[in-house]
Amino acid sequence: MDDEEHRAAEAKYTNLFRVGYNAFEVVVEFGQSYPGRDTDLIHSRIATSPTYAREFLRMLSSSIEGYEREYGAMRDATNE
């Protein structure tokens with residue numbers, strides 16, 4: 001990704017994740033959910049191959065391990 005493409009990428013806050021799959025792809029939805037809101041807001045949907053989804057999982061796990069080495073263990077979001 002060059003600098004121009006990088007600047008065009010928009011960051012969106014996410015606290016809601018949904019994952020689905022079939023024989024050919026893995027689909028991950030990102031959105032926002034808040035208490036008192038009737039519906040969740042899905043703002044992004046990514047479809048990829050199972051092979052690339054596994055690589056994403058590996059990269060995300062490695063990043064979380066690095067984060068916790070630097071900043072300490074995180075609380076589990078399901079216990080909040």
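Reader: In which helix is the place of E68?

Author: In this predicted model, E68 belongs to helix α2.

Reader: Is E68 buried, partly exposed or exposed?

Author: One reads this from the relative accessible area, where under 20% means buried and over 50% means exposed. E68 has a relative accessible area of 31%, so the residue is partly exposed.

Reader: Which residues does E68 touch, not counting residues up to four places away in sequence?

Author: E68 touches A73 and M74 when those neighbours are not counted. E68 and N22 are 46 residues apart in sequence, and their C-alpha atoms are 33 Å apart in space.

Reader: Let us turn to the strands. In what sense do β1 and β2 pair, and over how many bridges?

Author: The pairing of β1 with β2 is antiparallel and runs over 6 bridges. These two strands form a hairpin, with 4 residues between them.

Reader: Which residue stands opposite E29 across this pairing?

Author: Opposite E29 of β2 stands R18.

Reader: How many bridges join β2 and β3?

Author: There are 7 bridges between β2 and β3, and this pairing is antiparallel. Within it, Q32 stands opposite L41 of β3.

Reader: Why is β2 described as largely enclosed by the rest of the structure?

Author: The general idea concerns the two faces of a sheet. In a regular strand, side chains alternate between those faces. In the present case, V26, V28, F30 and Q32 lie on one side of β2, while V27, E29 and G31 lie on the other, and all of them are buried. Because 7 of the 7 residues of β2 are buried, the strand is largely enclosed by the rest of the structure.

Reader: Is E29 itself buried or exposed, given its relative accessibility?

Author: E29, a residue of strand β2, has a relative accessibility of 16% and therefore counts as buried.

Reader: With which side chain does the side chain of E29 make a polar contact?

Author: The partner is the side chain of R45, at 2.7 Å. Apart from neighbours within four places in sequence, E29 is in contact with L16, F17, R18, I42, S44 and R45.

Reader: Which residues is Q32 in contact with, leaving aside its neighbours within four places in sequence?

Author: Q32 also lies in strand β2, and its relative accessible area of 17% makes this residue buried. Its contacts, with those neighbours left aside, are Y13, N15, L16, R37, D40, L41 and H43. Two of these partners can be examined further. A polar atom of the Q32 side chain lies 3.1 Å from the backbone oxygen of Y13. Q32 and H43 are 11 residues apart in sequence, with their C-alpha atoms 7.9 Å apart in space.

Reader: Finally, what volume does the largest pocket have, and how many residues line the pocket?

Author: The volume of the largest pocket is about 510 Å³, and 14 residues line the pocket. Those nearest its centre are V28, F30, F56, L57 and L60. The elements that give two or more residues to this lining are β1 (16-21), β2 (26-32), β3 (41-48) and α2 (50-71).

Reader: Which element gives the largest share of the lining?

Author: The largest share comes from α2, with 7 residues.

Reader: How do the residues of the lining divide into nonpolar, polar and charged?

Author: The lining of the largest pocket holds 12 nonpolar residues, 1 polar residue and 1 charged residue.

Note on methods
Residues are numbered from 1 along each chain as its sequence is written. This is a predicted model: local features need pLDDT of at least 70, side-chain atom pairs count only at pLDDT 80 or more; totals for chains, interfaces and linings use all residues. Side-chain values use heavy atoms; hydrogens and water are left out. On a 1 Å grid over the protein atoms alone, a cavity is a set of points where a 1.4 Å probe fits but cannot get out, and a pocket is an open set with protein on both sides within 12 Å along at least five of seven lines; lining residues have an atom within 4 Å of a point. Grid points are joined across faces, edges and corners, and a volume is the space filled by probe spheres set on the points. Ala, Val, Leu, Ile, Met, Phe, Trp, Tyr, Cys and Pro count as nonpolar, Asp, Glu, Lys and Arg as charged, and the others, Gly among them, as polar. Buried means under 20% relative accessible area, exposed over 50%, partly exposed in between (1.4 Å probe, protein chains only). A polar contact is a pair of N or O atoms within 3.5 Å; within protein, one must be able to donate a hydrogen and the other to accept it, and residues adjacent in sequence count only if both atoms are side-chain atoms. Contact means heavy atoms within 4.5 Å. Two strands pair if DSSP finds at least two bridges between them.
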